[in-house]
Amino acid sequence: MNSVQPTTDAAARRNAFLLAVAQALYSSSTVILITNAGLVGSMLASDQGLATLPASTFVIGTALSTVPASLLMGKIGRRPGFLLGALIGLGGALLAAYAILVQSFEMFCIATLLCGSYQAFGQYYRFAVVDTARESFKAKAISWVMIGGVASAFIGPFLVMATRDLFAPVLFAGCFVASAGLTILAMGILSLINIPHVKTSHSMGSGRPLSTLLRQPRLIAAIVAGMMSYGMMNFVMTSTPIAMVGCGLSFNAAAFVIQWHVLAMYVPSFFTGHLINRFGAPRVMTAGMLLLTAAATTGVSGIGMGHFTVGLILLGVGWNFGFVGATTMVTDCYRSEEKNKVQAVNDFAVFTTVAIASLSSGKLLSSLGWTAVNLAIFPMVLVVLAMLFWLKKSHGRGVGREVQ
């Protein structure tokens, strides 16, 4: 049913709150998976070079689902789409628990692929909140949703520690049962959001041609920055638990570092929107790139508990500045009828990059070590800084930002 979208502050704030809670629950499931995937992979895989494959199939599942998820929501609406994504995630979590119990590496990879599809739908929470937000509230609304991830820094690690021995002597299966419970709660929250659906008959054909949209310097820079920001973060984070255990640190220490990393990813969202409104997205993204450089430098400098902790905190804050800034810039580059195809292209590009990064991370760690993983960050940072410099020059020639 077609209807006019409400743009009152009350409607936008209510949706932002509900989507923030949904973000907290889905992100907690992601924390559980990321904390355990590499270790479960090490336990089940015959080749240790494949230990991070379950984490990689997770992001492959995300990449494969981003375009279908966006186009489907263009036809059926945000709420039904989000509920479907959560249902797929529920199936993935339960299958993961069963795969661990029967010691099947292949089945576990399929399960994480399904969980990745849930993430694909969940990534659109940050775009969905803009559907009912006025221009002045857009950056803050995105940040509000991202704040939901703060809770996941506590919920995820707590559930990992509380449930990993639930089916002892088989470890980690209980963690995914807990993840299934979180997904059921998320479905209850998602059923309450109110984002009226304006159906378009041809989501990919509405508005300006995609080729025209993708010639916007601002959109090109935003997509590349989002790709690199998320790719760099995942590249390092995926290998961290395995690297820490390999360096003689405990599983509990690895869970502690991931917890602080997730906090660093989402706590800045309390003020990232304000910073973007005041200084502009490109400047905030530049600061993010500098923080990612500092994270890599810390990782190269040592393998003590302090190095891992500080490096992953810097990695999280850098990701937040880069990714929230890129997301905000993407929303500047389309009209309402163009949102589904632009968001689909953006998230497909981002999570294809993340999938490649995740696949590469395990191989690089096993063959060349932790230092090489961190050194690989520097050229990716340079790519983003070059794109932001190009955008600034383009803006100076009057073509940096399209009139909507």
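**Notes on cysteines, cavities and one asparagine**

1. The structure holds zero disulfides, a disulfide being a pair of cysteine sulfur atoms within 2.5 Å. Cys175 is also buried, at a relative accessible area of 0%, and Cys333 is buried at 1%; buried means under 20% relative accessible area, with a 1.4 Å probe and protein chains only.

2. A word on the basis: this is a predicted model, where local features need pLDDT of at least 70 and side-chain atom pairs count only at pLDDT 80 or more, while totals for chains, interfaces and linings use all residues. Residues are numbered from 1 along each chain as its sequence is written, and side-chain values use heavy atoms, with hydrogens and water left out.

3. There are four cavities of 30 Å³ or more. A cavity is a set of points, on a 1 Å grid over the protein atoms alone, where a 1.4 Å probe fits but cannot get out; lining residues have an atom within 4 Å of a point. Points are joined across faces, edges and corners, and a volume is the space filled by probe spheres set on them.

4. The largest cavity holds about 180 Å³. Its lining has 18 residues, of which Thr30, Gln119, Tyr230, Met237 and Met265 are the closest to the centre. Two or more lining residues come from each of α1 (9-44), α2 (53-76), α9 (217-246) and α10 (251-266), and α1 has the largest share, six residues. Helices are DSSP runs (H or I, at least four residues), numbered from the N terminus. By class, the lining has 12 nonpolar, six polar and no charged residues; Ala, Val, Leu, Ile, Met, Phe, Trp, Tyr, Cys and Pro count as nonpolar, Asp, Glu, Lys and Arg as charged, and the others as polar.

5. The second largest cavity has a volume of about 100 Å³. Among its 13 lining residues, Ser29, Thr30, Phe58, Cys115 and Tyr118 are the closest to the centre. Here too α1 gives the most, with four residues, and the lining has seven nonpolar, six polar and no charged residues.

6. Please also look at Asn320, in helix α13 (residues 305-331). Asn320 counts as buried because its relative accessibility is 0%. Its side chain makes a polar contact of 2.6 Å with that of Thr272; such a contact is a pair of N or O atoms within 3.5 Å, one able to donate a hydrogen and the other to accept it.

Conventions: On a 1 Å grid over the protein atoms alone, a cavity is a set of points where a 1.4 Å probe fits but cannot get out, and a pocket is an open set with protein on both sides within 12 Å along at least five of seven lines; lining residues have an atom within 4 Å of a point. Buried means under 20% relative accessible area, exposed over 50%, partly exposed in between (1.4 Å probe, protein chains only).
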